[in-house]
Amino acid sequence: MGKLTIDGREVEFRQGQTIIEAATDSGIDIPHFCWHPSLSVSGNCRVCLVEIEKMPKLAIACATVAAEGMVVHTKSDKALSARNAVMEFILINHPLDCPICDEAGECKLQDYAYNHSTGEGRFTEEKQHKDKRVELGPYVMFDAERCISCSRCIRFCDEVAQETELTFVKRGDRVTITTFPGKQLDNPYSLNVTDICPVGALTNRDFRFKSRVWDMSSTQSVCSGCSRGCNIDIWVRKNEILRLTPRHNEQVNSYWMCDHGRLDTFKEVNSESRIIAPMLRRDGTLMQANWSEAVAHITSEFKAFSSDEIGVIGSAHATLEDNYLLAKFAKEILKTKNVAMPSHIKHGTADKILITEDKSPNALGAKLMGITSENFAVIMHAIETGKIKALYVMEEDLVALDHKFEAILAKLDFLVVHSVVKNATTALANVVLPAASYAEKNGTWVNINGMAQRIRPAVATQELDRSLDGMSLSRLDKFGTNFDRWGQVNKIDARPSWSFITMLFNSFGHKLKFKMAEEVFHDVAKHVKEFHGLDYDVMGNQGAKISLVAEKV
Amino acid sequence: MAEKKRLKDLTLWEKMYVPEVVKGLKSTMKQMFQPRFTMEYPEVKFEPVGSYRGRPVLVMEAGGEERCVACGLCSRVCPALAIEVQAGETDREKERYPEKFEINMLRCIFCGLCEEVCPEEAIVMSKDYELTFSNREDAIYGKDKLLKPITELQDRIDFLRSNK
């Protein structure tokens, strides 16, 4: 560890760190466009110019290695006038597109133009005109005029996605970005370039023009696409998810997430086919009912079966809390050993970057709660042979896994299904319970490496209130009232599975007093040794590694 | 209670009363021949000048298209949270347009900040001051009621440009 001085403050650095890295680690912000902590240094935007004592010229902080005793000034007259000149230079050919540009509000160029430039342009000539609305790939739109040629996207493709797809062509003010001949920007991580683009040159075609960034609330959560559990932010306006963006967590996903997770996992939450209320099958058709009717019906029906005739299916898509109470319910109330969950492993789909083979976010967590996938085939076989007559399925669409299950499940006398959306399995059920999706509840998922991470409600259900339940608020949520048009949002009467199972416990005469997912987790931490010492605060925003006592789980 | 003493007692002339009545009638007669400022509204309508802040409207270009690019700044600046904008994508040169543009006229306070912040001179305060509705839903003005041809708004636009 050496020491250097930045703006009169003594800052520590590790050998080999650059000035900007040392500054960032100590919470000093040096403006930068092309530098990104997870990418190589290219040093072409020149906005991080700083004054270093005893050096004849200004140096760029991103490519100058910190040295013992260095004295750096980021706000001296010389540094500021250089920065203003660089800003003016970059803005020469940048169009005044902010009103129609999606990046507005989270644009580095916009921010720096406020903070670091004179506010007055002297360039009165015609700006360079380049291509607008270029489809670089299936998900990414490129606007060449807005590009400031920082090369972050090119370096991302080369270094992180490891597919060389983008490059600079032409020179000087005509320089632009294009894909190599015959190639598209279609790697599985392509949308990350829209996050790292410091301006609005690269935009997400799925999110394009849907909302202004300042009108949305963002909630810290975890991606449900696979067992990597990439940290994400869920962006919501009017109780509808509009986009997901990756959130930095060096231990899990760094700054990135895959396109599948970003685009395909949240649409179910907004879907038209959501189940909006509990449903009971009466005279062959599913009819809307209320929660207490559903509880009473399930209780009386299950009492008619012996414990061997009952099967319970947990889910690696549900939270730790859901699976914990389900396993407890099976063991203490139903007294059945027929407990399992289906596996979502798709062999050969993993890559060396983030995507894993297991397409469920919580397989390890469910396993630690005592629900394994080994038994699953046995249970399905027992249903086929008529040994199991009643089945309790939590948040799994079994028919979608294998179409032959449709005929098997039809043999059941009684089928209860928790589900987020209507599907082929709920069509067979006797009782359908609307489950809160991952974006509507608190809970915990354990990823493939044993990181226990929290998910938080971003979308309000009927039992959730944005301000009372501590959910994140957008500007309109904060200042409007429930009687405003944007307050009249569609709230679904869905409940987390653990909360319904708590109701079942009570209906079977077992007193359980869980009111929050956090209380269930306290119980888990008390009874499951891997989770000893953990709680929601310990996991916080970055998750916590569980102690894998039996290393091989 | 002590008796209040007048500052000045009435003179004989004033006590006579009639001359004072004549004085008042003189003033009335004088006013009768002055120019009149009242109007017989609603038969006669008041035509405001360019600086008047009536209800905000969207400028419709000659081709029937709106100027608005749905940047959302009016909605952001509106202190009464009256404006709601939903952007959409078009093939036109300006790739963004308002799919939905609503002003809740029950919330609008006619402050004119939306007009001031608009980068496209697309929302301006009109001369329209006649706002009546019989229920709350009618008070939410959509694009159908907001779009006005630019020719009707020239006064206001001239006023804005001369006061930049």
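This is a predicted model: local features need pLDDT of at least 70, side-chain atom pairs count only at pLDDT 80 or more; totals for chains, interfaces and linings use all residues.

Analyst: Residues are numbered from 1 along each chain as its sequence is written, and chains are lettered from A and ligands numbered from 1 in the order in which they are written.

User: What makes A:Glu272 exposed?

Analyst: A residue is exposed if 12 or fewer other C-beta atoms, placed from the backbone, lie within 10 Å of its own, buried if there are 20 or more, and partly exposed in between. A:Glu272 has 6 other C-beta atoms within 10 Å and is therefore exposed. A:Glu272 belongs to the loop between helix 7 (267-270) and strand 14 (279-282) of chain A, where helices (H or I, at least four residues) and strands (E, at least two) are DSSP runs numbered from the N terminus. In space, A:Glu272 and A:Val421 are 8.5 Å apart, C-alpha to C-alpha, although 149 residues apart in sequence.

User: Why is helix 9 of chain A called roughly parallel to helix 15 of chain A?

Analyst: The two helices, helix 9 and helix 15 of chain A, pack at an angle of about 25°, with their axes 8 Å apart; axes are lines fitted to C-alpha atoms, for helices over the stretch in contact, and angles run from 0 to 180 degrees between N-to-C directions. Angles under 35 degrees count as roughly parallel, over 145 as roughly antiparallel, 65 to 115 as roughly perpendicular and the rest as oblique, so helix 9 of chain A is roughly parallel to helix 15 of chain A.

User: Which residues of helix 15 of chain A are buried, and what do they pack against?

Analyst: The buried residues of helix 15 (residues 497-507) of chain A include A:Trp498, A:Phe500, A:Ile501 and A:Leu504. Among the elements that the buried residues of helix 15 pack against are helix 8 (291-302), strand 18 (390-394) and helix 16 (517-527) of chain A. Just after helix 15 of chain A, A:Gly509 takes a positive phi of about 90°.

User: How many residues of chain B are in contact with chain A?

Analyst: With contact defined as C-beta atoms, placed from the backbone, lying within 7 Å, 14 residues of chain B are in contact with 13 residues of chain A. Strand 2 (residues 83-89) of chain B gives the largest share of the side of chain B that touches chain A, four residues.

Note on methods:
Two residues are in contact if their C-beta atoms, placed from the backbone, lie within 7 Å.
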